[in-house]
Amino acid sequence: MGPAVEERTALDLETAVATVTATALRSGPVGRVGLELEAHLVDLDAPAARVPWDRVCAAVAGVPPLPGGSRVTLEPGGQVELSGPPLPGAAAAVAALRADLADLAAALAPHRLGLAPVGADPLRRPARVSPAPRYRAMERHFTAVGCGPAGTAMMTATASLQVNLDAGPRSGWSRRVALAHQLGPVLVAVSACSPLLGGRVTGWRSTRQQVWGALDQARCGPILGGADPAGEWAAYALAAPVMLVRDPHTGDAEPVLTRTRFADWVTGAVPLGGRRPTPADLDYHLSTLFPPVRLRGYLEIRYLDAAPEPWWPALAAVTAALLDDADDADAAAEATAPVAGAWTRAARDGLADPELRAAAVRCLAAAVLAVDPDLRDDVAALAGLVS
């Protein structure tokens, strides 16, 4: 792409804000559920050693198409992620991902590799094994803005369960997005299963959430919530620092080593890469923002620890029920109001915090009654564990 085309496609601030606002949420009914589960890849013969990247890639390359339609992708520490398609309800989404997870594990077994779906790598120190330029550049940006160790740990030693839910009707967006955030601390406490990182006890029940909390909160902190969530997402995105600038000719990513707001790049107040940003740069910037609830036309709920069977299916079912079932949503809003915003307490103390535990007990009691019968035993077991 030559300079003339770059100039013609450069963004102005009004267009950038309008674009992010318009794509933040899509109005429609609720009910579809998409699940993404990350797991640490482990050498079964040498679990304390990271699996070399070429071995990771060779093993994953041999995985056949999965029956539930999940995509298999790799994270920079060698974690494997299964991303399932949106399906009608949590039971269908769980069944599809369960089948795909079983097939993936079977495909990896001849390579003597196993999957550990827990929130943080309990044994191995954070270290990047992927040589991808994007991840090298991300490490340099995190170091430059003062959160290098947390950045490396986030990329290479954490794993989550993501629950993707429809945005719902426009008239309910404000309440729905606010509730997704308000539920966060309680569901962090319920899912917390990562008290170890790199072979040491960290003092946190969810070390994964502690790591995310130690990152740049202009990129990874929650959207505060209000009457206009789509507009607030646009404001958040334009105020967030630019992490990477891609060369329009080669596609290589170069790190930005200063805290430069995307809005300042758009206006020309701070030049980056010798040019103004294009719509493609805006899309790329949005992919580098990691709040606990990300708006992508739907709600991408990112704050749950990855967990083994039967807990990840139960967590997926509970999250969907508390947001998609009207009665459960009302009960959850009331139960979680006293601990709204208690992200640090949830990560540090989990259900040892009496207020978080009381809210969790009430939320799970409501969810048990609303979930699909195929998942009720799993959710009842989780409710019993919490109690």
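This report looks at a few residues and helices of one predicted model.

The model is predicted, so local features need pLDDT of at least 70 and side-chain atom pairs count only at pLDDT 80 or more, while totals for chains, interfaces and linings use all residues. Residues are numbered from 1 along each chain as its sequence is written, and side-chain values use heavy atoms, with hydrogens and water left out.

Helix α6 covers residues 148-157 and holds Thr156. Thr152 is found in α6 too. Helices are DSSP runs of H or I with at least four residues, strands are runs of E with at least two, and both are numbered from the N terminus. Buried means under 20% relative accessible area, exposed means over 50%, and partly exposed lies in between (1.4 Å probe, protein chains only).

| Residue | Relative accessibility | Class |
|---|---|---|
| Thr156 | 0% | buried |
| Thr152 | 18% | buried |
| Ala280 | 39% | partly exposed |

Thr156 touches Arg50, Pro76, Gly77, Gln79, Pro126, Ala127 and Arg128, leaving aside residues up to four places away in sequence. Contact here means heavy atoms within 4.5 Å. A polar atom of the Thr156 side chain lies 3.1 Å from the backbone nitrogen of Ala127.

With residues up to four places away again left out, Thr152 touches Pro126, Ala127, Glu139 and Ala157. Thr152 and Pro76 are 76 residues apart along the chain, and their C-alpha atoms are separated by 9.1 Å.

**α11 and α13**

Helix α11 spans residues 229-239, and its buried residues include Pro229, Trp233 and Tyr236. The buried residues of α11 pack against α2, α7, α10, α12, α13 and β11. Ala280 lies in helix α13. Ala280 and Cys147 are 133 residues apart in sequence; in space they are 27 Å apart, C-alpha to C-alpha.

**The α17 and α18 pair**

Helix α17 (residues 354-370) packs with helix α18 (residues 373-386) at an angle of about 160°, and their axes are 9 Å apart. Axes are lines fitted to C-alpha atoms, for helices over the stretch in contact, and angles run from 0 to 180 degrees between N-to-C directions. The two helices, α17 and α18, are therefore roughly antiparallel to each other, a term for angles over 145 degrees. On the α17 side, the contact includes Arg357, Leu364 and Leu369, and on the α18 side it includes Arg376, Leu382 and Val386. By class, this contact of α17 with α18 has 11 nonpolar, no polar and two charged residues. Nonpolar covers Ala, Val, Leu, Ile, Met, Phe, Trp, Tyr, Cys and Pro; charged covers Asp, Glu, Lys and Arg; the others, Gly among them, count as polar.

Methods: Polar contact = N/O pair within 3.5 Å; in protein donor to acceptor, adjacent residues only side chain to side chain. Parallel < 35°, antiparallel > 145°, perpendicular 65-115°, else oblique.
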